[in-house]
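Look at the sequence and the model shown below.

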Amino acid sequence: MAAPIPTDIAQMFDTYGRQARLFPGLLTIFPPLLAVLAWFPWFLLSNVAATLLTLAMSCGLLYALGSYARTKGKRIEPKLLKSWGGWPTTLLLRHDSELDQHTRLRYHTYLAGVVPGNLTFPTVQEEQASPTAANAVYDSAVRWLKERARGNEFAMVHRENAQYGFRRNLRGLKPFALTLCVLTLVVMTLAILNNVPGLVDFVRTMNLAALAKVASDLGPAILSAFAINMFAVLVWVFVVTKRWVREAGIHYAYALLAVCDMTSGTTNKSKKAV
């Protein structure tokens, strides 16, 4: 007998999936969807809306939306890394990073002692002579550390990783989301011009009475939807940027590298026991 199709969001997405994949997808379609509901409020109160929501969850449309958000984020990631110069975690392990030299040395010493394969960290001179080879060493150490930090005891790492995934996927969705919001604004503007005769008087006279009549004819729902779509455009343009994603990447890098300090005591005790 086939297993039942999950219809609960918690069944389809874990905590990371909801924060980093589903939420960016929902935020992308929220402003245009709000505009549709503002023009057709009966849809929200009808059984059709509930039926469509059930079908969306049963047929995996929400999962597809989250998967699409992840795909767009992953596609944009190589360009982000190129503009940053590499993974933020790798950059922090470099000798010329913003991380203070004492903490960096502690991380190097710990990772060199626990990563299998006798990983040797480069000196300052070796890193300057061959940055690519040095980055390969740091990348290898970071991959091991990511696997080490998968446990439930590293809650901060998981939170920062979800925050980075959320921002990266939003950045990947940015072209599509901007296009959607702008098209929504154009359609709403044309609909307003076609359905609100008082708008012509307002443009001609520019007085408060005409403005009040236009606002009254449109109603708060349509005005709010129009304003939210305009606000969404501003957010997509000025907030969802490469710098915004990099900030989350740096926070995640610090949290991941802090695992070295959190587990170094346990490692030392194990060595003494042996």
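This is a predicted model: local features need pLDDT of at least 70, side-chain atom pairs count only at pLDDT 80 or more; totals for chains, interfaces and linings use all residues.

Which side chain meets that of Glu153 in a salt bridge? The partner is Arg148, and the N to O distance is 4.0 Å. Side chains of opposite charge can pair when their charged atoms come close. Glu153 is exposed, with a relative accessible area of 51%, whereas Arg148 is partly exposed at 30%.

The structure holds 9 salt bridges. One of them joins Arg106 to Asp261, with the closest N and O atoms 2.7 Å apart.

Another salt bridge links Glu247 and Arg167, whose closest N and O atoms are 3.8 Å apart. Here Glu247 lies in helix 14 (residues 242–257) and Arg167 in helix 10 (residues 155–195), so the pair ties together parts 80 residues apart in sequence. What is the relative accessibility of Glu247, and does Arg167 count as buried or exposed? Glu247 has a value of 36% and counts as partly exposed. Arg167 has a value of 15% and counts as buried, because buried means under 20% relative accessible area. Salt bridges can also share partners, and in this way Lys74, Glu77 and Arg168 are joined into one network.

Now turn to helix 9, which covers residues 131–148. With 18 residues at 1.5 Å a residue, helix 9 should span 26 Å, and the distance between its end C-alpha atoms, 26 Å, agrees with this.

Which residues of helix 9 are buried? They are Ala134, Asn135, Val137, Tyr138, Ala141, Val142 and Leu145. Seen down the axis of helix 9, these buried residues fall within an arc of 155°, so they line one face of the helix. The spacing along the sequence can be read with a general rule in mind. An α-helix has 3.6 residues a turn, so residues three or four places apart point the same way. On the face of helix 9 turned away from the buried side are the exposed residues Thr132 and Arg143.

Technical notes
Residues are numbered from 1 along each chain as its sequence is written. Side-chain values use heavy atoms; hydrogens and water are left out. Buried means under 20% relative accessible area, exposed over 50%, partly exposed in between (1.4 Å probe, protein chains only). Helices (H or I, at least four residues) and strands (E, at least two) are DSSP runs, numbered from the N terminus. The expected span of a helix is 1.5 Å times one less than its number of residues. The arc is that of the directions from the helix axis to the C-beta atoms.
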